[in-house]
Amino acid sequence: MDDSEPARKASTKRLVIGGIVVAVGAAAVVALVLAVQPAAPAHIAHQPMRDAATATHTNPSSAFADGPIGPLDPSQFAPGACVAFAPTHGDQHRTVFLDAGHGVPDPGALGHTSTGQQLEEKQLTLPVVLDAAHLLQAKGYRVVVSRTTDTSIIPMTAADLDSSGETSAAKHDDTVARITCANLAKAFVLVSVHFDAYTSSNATGAMTFYDPGRSFSAANDSLATLLQSDIVNALDATGASVHDRGIQSSIGAGNSTSEQDRSYGRILLLGPAKAGYLDNPSTMPGALVEPLFITNGAEGSLAASPTGQQAIASGITTAIGQFAAQSAPAGPPVTTSAATGRP
């Protein structure tokens, strides 16, 4: 059976901000979200990188030639969200925006390893993003990440929650906040990391989404092609044999938790403006990667392992470097204000 159809259906159900949410009570969700610093899941790897993220978060006043370092605007983002890191070696004078999909109170897709360990997508996207950030910093990029811990991007209140997790409006606003962060960062490229899921454990493989309806659609296509190829190659180098599902248009693959979402009909994070729904879309080429199905035991195990996470991060880093090399030269460094440390 051709399992490309399950992948498309699964993506339609949960891409970007959707996902399979845990059926918990509203009171429990409220208590979880209102915690100022949610505890990190025990099985997330790469603690040193997470410690580095926390250290940067505590120094919001630091500035760098290409833009501020640390939380970009604590007044509009949750603690630990929208944080910038400086290069650690050299300086490309370019900023990369990396988005770790989902985050409290939205777990994203639910899956499992081959031994039955339960997985939440939000716990897997974060270490991949932090690993990729570390690699990109070492290659001279300023990196801005949507989140450094298990958190939403917007500060949530009880009004943003319901018995299934986030309200539809909160899901929308949380994704728009990721777009706002990317634009505030003045990133030249956007990459969002997710994992796929389906009702059958037989569905496997990697795919990458792009939006063909933007003024920079050719760049979106190019970025998605590089990401898909480099991530699959990096995963295969671990000894896995990952089914290459190729790149996919985001049209028809968006979130569907409200009538407005269904009317928009594409991945919000990557899509064009629509008055009253998305007034300020992302301003840079972007793609959303779904490297593995976490509802397949073998792929879930790979997604949960440091080996798999680091391979995906390596593929992302390679693709961004290739994309940077073939795209137009960066402009002059961003001038920052001595008073605010902002562009």
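Reader: Which word, buried or exposed, applies to Asp-211 and to Arg-266, and what does that word mean here?

Author: Asp-211 and Arg-266 are both buried, which means that each has under 20% relative accessible area, whereas exposed would require over 50% and partly exposed lies in between, with a 1.4 Å probe and protein chains only. The model is a predicted one, in which local features need pLDDT of at least 70 and side-chain atom pairs count only at pLDDT 80 or more, while totals for chains, interfaces and linings use all residues. Residues are numbered from 1 along each chain as its sequence is written, and side-chain values use heavy atoms, with hydrogens and water left out.

Reader: Why is the contact between Asp-211 and Arg-266 called a salt bridge?

Author: The N to O distance between their side chains is 2.9 Å, and the term asks for a side-chain nitrogen of Lys or Arg within 4 Å of a carboxyl oxygen of Asp or Glu, so the pair qualifies.

Reader: How many salt bridges does a search of the whole structure find, and where does the one between Asp-174 and Arg-178 lie?

Author: The search finds seven salt bridges. In the pair of Asp-174 and Arg-178, the closest N and O atoms are 2.9 Å apart; both residues lie in helix α5, four residues apart, about one turn of the helix, and both are buried. Asp-174 and Arg-178 are also linked with Asp-99 in a network of salt bridges.

Reader: What makes Lys-122 and Asp-150 a link between distant parts of the chain?

Author: Their salt bridge has its closest N and O atoms 2.9 Å apart, and it joins Lys-122 in helix α4 (residues 121-138) to Asp-150 in the loop between β8 (142-147) and β9 (161-162), 28 residues apart. Lys-122 and Asp-150 are both buried.

Reader: How do you know that Cys-82 and Cys-181 form a disulfide, and what makes it right-handed?

Author: Their sulfur atoms are 2.1 Å apart, and a disulfide is a pair of cysteine sulfur atoms within 2.5 Å, so the pair meets the criterion. The torsion about the S-S bond is about 95 degrees, so the disulfide is right-handed. Cys-82 lies in strand β4 (residues 81-85) and Cys-181 in helix α5 (residues 168-185), so the pair ties together parts that are 99 residues apart in sequence. These helices (H or I, at least four residues) and strands (E, at least two) are DSSP runs, numbered from the N terminus. Both cysteines, Cys-82 and Cys-181, are buried, and a search of the whole structure finds one disulfide.
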